[in-house]
Amino acid sequence: MSTLKAVINAAVEILGFDPKSLKQEIFKVEMTPYMAQYILTNHNKANRKFVKAQQKAISNSIARFGWLFDGGVCAFNTDGNLTEFQHRLQEIADGNVTRTIWVATGVKPDTFVQTAPPKNRTKWDAVYKYDNSATPAEVTTLEQLLKR
């Protein structure tokens, strides 16, 4: 058996799916710590730099609110590399917990640099969702008052 075929077979055996797929699909997976670590070790070769502060922010969010379904998916490009979800997978591995997640395969490898990123979330955005008459200046003033 070729080395490539052995790697694909190992991924399918461990994960239950082939991350190196041309088929564009989204499906639910019960992600175990072992599976998460396998992905981080073997399929995280073309991702952004891992940022400890981002993992800490996720860890704090989980501690405060629990593991929330936010619509985010664990995405793999057609080369089999992870494009999104590395910090959450690290939380699963480090926390030794199994979580239900959504996985997407068949992502075009260059979409990371070809698509516009989501807009950064601000405190004003959070307030505006509930009161669209609020202005950024009012939110800043409120924030300053609460600090004092």
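**Ground rules.** I'm working with a predicted model, where local features need pLDDT of at least 70, side-chain atom pairs count only at pLDDT 80 or more, and totals for chains, interfaces and linings use all residues. Residues are numbered from 1 along each chain as its sequence is written, and side-chain values use heavy atoms, with hydrogens and water left out.

**Sheet.** I looked up the strand order first. I get an open, mixed sheet of four strands, β1-β4-β2-β3. Strands here are DSSP runs of E, at least two residues, and helices are runs of H or I, at least four residues, both numbered from the N terminus. Two strands pair if DSSP finds at least two bridges between them. β1 (25-31) and β3 (82-84) are at the edges with a single partner strand each, so one side of each has no neighbour in the sheet. Neighbouring strands are turned by 35° against each other on average, direction ignored. I then checked β1 against β4 (residues 99-107): they pair antiparallel over seven bridges. In β4, A104 is the residue opposite I26.

**Helices on the sheet.** Helix α2 (residues 33-42) packs on the sheet and touches β1, β2 (74-77) and β3, its direction making about 125° with that of β1. Helix α4 (residues 86-95) lies across β1, β2, β3 and β4, and runs at about 105° to β3. For these angles, axes are lines fitted to C-alpha atoms, for helices over the stretch in contact, and the angles run from 0 to 180 degrees between N-to-C directions.

**L89.** I picked this residue in helix α4. L89 is buried at 0% relative accessibility (buried is under 20% relative accessible area, exposed over 50%, partly exposed in between, with a 1.4 Å probe and protein chains only). Beyond its neighbours within four places in sequence, L89 contacts M31, A36, I39, L40, C74 and L82 (contact means heavy atoms within 4.5 Å).

**Salt bridges.** I find three, taking a side-chain nitrogen of Lys or Arg within 4 Å of a carboxyl oxygen of Asp or Glu.

- K23 and E25 have their closest N and O atoms 3.9 Å apart; K23 is exposed at 54%, and E25 is partly exposed at 31%.
- E84 and R48 come to 3.4 Å. E84 is in strand β3 and R48 in the loop between α2 and α3 (52-65), so the pair ties together parts 36 residues apart in sequence.
- R88 and D70 come to 3.5 Å. This pair links helix α4 to the loop between α3 and β2, 18 residues apart. I have R88 as partly exposed at 21% and D70 as exposed at 57%.
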